[in-house]
Amino acid sequence: MAWADLDAVAAIAAIGFPDHFEGRDCFENRLALNPSGCFILADGEGPPQGYLVAYPWTADAAPALNTLIDTIPHDASVMYLHDLALDPAVRGGGWSRPIVERLAADARAAGWPALTLVAVNDAAPFWERHGFVVEDPRGMVDKPAGYGPDARYMARQLTD
């Protein structure tokens with residue numbers, strides 16, 4: 001992902017997550033914090049068709065939606081998959097598996113023991129197909145604002 005992609009990322013996010021708004025400044029913030037975890041999904045040199053954003057975070061926790069983060073937490077212990085979104089025109093076209101596997105391989109190589117995320121919009125079954133399992137950590141009893149009642153904290157272990 002590059003700075004020039006941020007308008008497209010924000011537009012895709014607005015389509016993919018209309019009930020979980022995050023502005024362009026949020027994506028700009030995440031790109032600044034962890035550029036190696038920010039990806040654009042495109043067909044060759046074509047326009048962005050999707051994106052993935054991930055960064056180190058604290059296990060059993062998730063940041064509030066649409067908030068800026070000053071720094072990666074000093075006690076970060078997992079790679080947090082903040083967002084994966086695709087333009088509706090390419091959904092079901094096999095775009096998600098390669099980028100999720102790339103993120104898992106990169107996180108494993110960097111020594112992170114797990115990927116975590118909060119599934120929204122009843123997406124837990126989608127993430128289960130990518131190796132994630134629903135967890136109910138004590139720290140997530142009161143989910144951060146904005147995730148909604150159907151939100152599920154999920155993890156994918158990367159170590160054997």
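Two exercises with stepwise solutions follow.

The model is predicted: local features need pLDDT of at least 70, side-chain atom pairs count only at pLDDT 80 or more, and totals for chains, interfaces and linings use all residues. Residues are numbered from 1 along each chain as its sequence is written, and side-chain values use heavy atoms, without hydrogens and water.

**Exercise 1.** Determine which residues of helix α2 are buried, and which elements they pack against.

*Solution.* 
Step 1. Helices (H or I, at least four residues) and strands (E, at least two) are DSSP runs, numbered from the N terminus; α2 spans residues 24-33.
Step 2. Buried means under 20% relative accessible area, exposed over 50%, and partly exposed in between (1.4 Å probe, protein chains only). In α2, C26, F27, N29, R30 and L31 are buried.
Step 3. With contact taken as heavy atoms within 4.5 Å, these buried residues pack against α1 (6-16), β1 (38-42), β2 (48-57) and β3 (78-86).

**Exercise 2.** Search the whole structure for aromatic pairs and classify the pair of F27 and Y51.

*Solution.* 
Step 1. Rings of Phe, Tyr and Trp (its six-membered ring) pair if their centres lie within 6.5 Å; planes under 30 degrees apart count as stacked, over 60 as edge-to-face and the rest as tilted. The search finds five aromatic pairs.
Step 2. F27 and Y51 lie 5.3 Å apart centre to centre, with 70° between the planes, and form an edge-to-face pair.
Step 3. Because F27 belongs to helix α2 and Y51 to strand β2, the pair ties together parts that are 24 residues apart in sequence. F27 is buried at 1% relative accessibility, and Y51 is buried at 0%.
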